[in-house]
Amino acid sequence: MTPQNLMLLPLSTPKLSIRCPILDDCLGGGIPCNSITELVGESGSEKMQLCLQLTVRAQLPPSHGGLGDSSVYIFTEFSFSFRRLQQLGNLYHASYPNLIRLEPLEDIYVRGVHDAEQLIHVLGDLEAFIAIDHTRLPVKLIVIDSIAALFRSQYQTTPADLKRRSEMFFNISGTLKGLANKFKLAVVVTNQVVDFIGPRDGVNGVRLGNLESLDTLGRWVSPALGLAWAHCINSRVFLARHEQSIGVNIRNAPSTTICSQTHRTFHLVFAPHLAYASAEFEITKEGIVGVSR
C-alpha cells in the first residue's frame with residue numbers, strides 16, 4: 001500500500017446529512033463523526049436553525065442520512081428555541097412516521113451553560129451519561145451553541161488571560177475530540193464573527209487561520225476567538241448573507257419601487273481532504289436547503 005493508493009481509499013467515517021444534496025456535496029456527504037465541525041456566522045445567519053435541523057435529523061437511520069441515535073444540545077446564550085425545535089420535530093415525524101418517534105424531542109437532551117468552566121464540568125458529566133447508556137438511543141451528536149459566548153467577557157487581553165484562554169480552548173476541544181473518537185459521534189459548535197481590520201490578503205500575502213477575511217452583508221469579518229481556536233476544530237463552515245437591491249414594478253405606482261432581497265451562502269472554508277466549496281441556500285419550514293443556480 002503506497003501513500004498515493006491510501007489517498008484513493010474511500011473515507012468510512014459516518015456522516016450526518018443536512019437533508020440537501022447541494023449542501024451535503026459541499027461537505028463531502030454531510031457532517032462527519034469523530035471530529036469537530038464549526039458553523040460560523042453573524043447573528044441571523046441561521047446557525048441555530050441548522051443546528052436544530054441536525055438534532056432532529058440525527059434520529060433518522062443511516063439509510064436516510066441520519067445516525068439513528070439521539071442528540072445533546074448545549075446552549076450558552078439567550079433562551080433555547082423549543083418552539084422551533086418542536087415544529088421541526090413534528091414536520092420530520094410527518095415525513096418519516098415510521099422512522100421518527102411521535103415525540104422526537106424525547107431523544108434530544110438540552111442543557112444550558114454560562115461559562116467555560118461549567119462547560120468543562122458538563123462535558124465530564126456527559127461522558128459518564130453516554131457511557132452508562134441512560135438514553136433510549138445512544139448519543140451520536142453533540143451541539144454547542146455558541147462557543148464564543150463563553151469567552152466574550154470572562155477573559156481580558158492581558159498575556160496571562162490570553163494564555164489561560166488558549167489553555168481553556170485546548171481543554172474544551174480535547175474533551176470534545178475525546179468524546180467524538182470514543183463514542184464515534186459528531187460534534188458541531190457555532191461561533192460568532194468580529195470585524196476584520198487589516199489587509200484582506202493576510203500578512204505579506206500569506207493568510208493563516210484566523211487571518212482569513214470573510215464577507216457578509218458588505219462587511220469583512222473574521223471568526224471570533226482567533227488563531228488558537230482555529231487550531232482546535234477540524235472543519236469550518238461560514239454562513240453569509242448578502243443584500244441585493246431589485247426594482248419592482250407595482251401596479252399604478254408612479255415609479256419603480258426598490259426592494260432589498262437577501263441571499264444566503266454556505267461556504268466550506270476548510271475541512272480534511274476537502275477543497276473549498278460554496279452554495280446558496282434558503283430557509284424553508286423544514287430547515288435550510290441549497291439552491292441550484
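**Reading burial, pairing and packing**

Mentor: Let us begin with a helix. Helix α3, residues 47-57, is mostly covered, since ten of its eleven residues are buried. Please bear in mind throughout that this is a predicted model.

Trainee: Which residues of α3 are buried?

Mentor: They are Lys47, Gln49, Leu50, Cys51, Leu52, Gln53, Leu54, Thr55, Val56 and Arg57. Cysteine 51 has a relative accessible area of 0% and is therefore buried, the cut-off being under 20%.

Trainee: How many disulfides does the structure hold?

Mentor: The general idea comes before the count. A disulfide is a covalent bond between the sulfur atoms of two cysteines. In this structure there are zero disulfides. Cysteine 33, with a relative accessible area of 3%, is buried.

Trainee: What share of the residues in the chain is buried?

Mentor: Of the 293 residues in the chain, 47% are buried. The secondary structure comprises seven helices and 14 strands. Among contacts with a separation of 6 or more, 69% are between residues 24 or more positions apart.

Trainee: How should I read the two sides of a strand?

Mentor: In a regular strand, side chains alternate between the two faces of the sheet. Strand β3, residues 36-40, can be read in this manner. Ile36, Glu38 and Val40 point one way from β3, while Thr37 and Leu39 point the other way. Five of the five residues of β3 are buried, so the strand is largely enclosed by the rest of the structure.

Trainee: With which strand does β3 pair, and in what sense, parallel or antiparallel?

Mentor: β3 pairs with strand β7, residues 186-191, in the parallel sense, and five bridges connect the two. Within this pairing, isoleucine 36 stands opposite valine 187 of β7.

Trainee: Now to a sheet: in what order do β8, β9 and β10 lie?

Mentor: The three strands form an open sheet in the order β8-β10-β9, with antiparallel pairing. The edge strands are β8 (193-195) and β9 (214-216), each of which pairs on one side only. On average, neighbouring strands of this sheet are turned by 50 degrees against each other, direction ignored.

Trainee: Which residues stand opposite one another in this sheet?

Mentor: Let us take the two pairings in turn. β8 and β10 (residues 219-223) run antiparallel and are joined by three bridges. Valine 193 has proline 223 of β10 as its bridge partner, and valine 194 stands opposite serine 222 of β10. β9 is likewise antiparallel to β10 and is joined to it by three bridges. There, leucine 214 stands opposite valine 221 of β10.

Trainee: How does one describe two helices that pack together, for example α5 and α6?

Mentor: One considers the approach of the axes, the crossing angle and the handedness. The axes of α5 (residues 116-131) and α6 (residues 159-183) come within 10 Å and cross at roughly 15 degrees. Angles under 35 degrees count as roughly parallel, and α5 and α6 are therefore roughly parallel to each other. Their crossing is left-handed. The contact involves residues of α5 including Leu119, Ile120, Leu123 and Leu126, and residues of α6 including Met168, Ile172, Leu176 and Leu179.

Trainee: Where is leucine 150 found, and is it buried or exposed?

Mentor: Leucine 150 is found in the loop between β6 (139-145) and α6. Its relative accessibility is 3%, so leucine 150 counts as buried. Residues up to four places away in sequence aside, leucine 150 touches Thr76, Val113, His114, Asp115, Ala116 and Leu119. Leucine 150 and histidine 114 are 36 residues apart in sequence, and their C-alpha atoms are 6.6 Å apart in space.

Trainee: What does arginine 111 contact, leaving aside neighbours within four places in sequence?

Mentor: Arginine 111 is in contact with Tyr73, Ile74, Phe75, Gln118 and Val122, those neighbours being left aside. Arginine 111 and isoleucine 144 are 33 residues apart in sequence and 9.6 Å apart in space, C-alpha to C-alpha.

Definitions and conventions
Residues numbered from 1 in each chain as written. Predicted model: local features only at pLDDT ≥ 70, side-chain atom pairs only at ≥ 80, totals over all residues. Heavy atoms only, no water. Pairing = 2+ DSSP bridges. Helix = DSSP H or I, 4+ residues; strand = E, 2+ residues; numbered from the N terminus. Axes fitted to C-alpha atoms, helices over the stretch in contact; angles between N-to-C directions. Disulfide = S-S within 2.5 Å. Buried < 20%, exposed > 50% of the residue type's maximum accessible area, 1.4 Å probe, protein only. Parallel < 35°, antiparallel > 145°, perpendicular 65-115°, else oblique. Left-handed = near helix turned anticlockwise from the far one by under 90°. Contact = heavy atoms within 4.5 Å.
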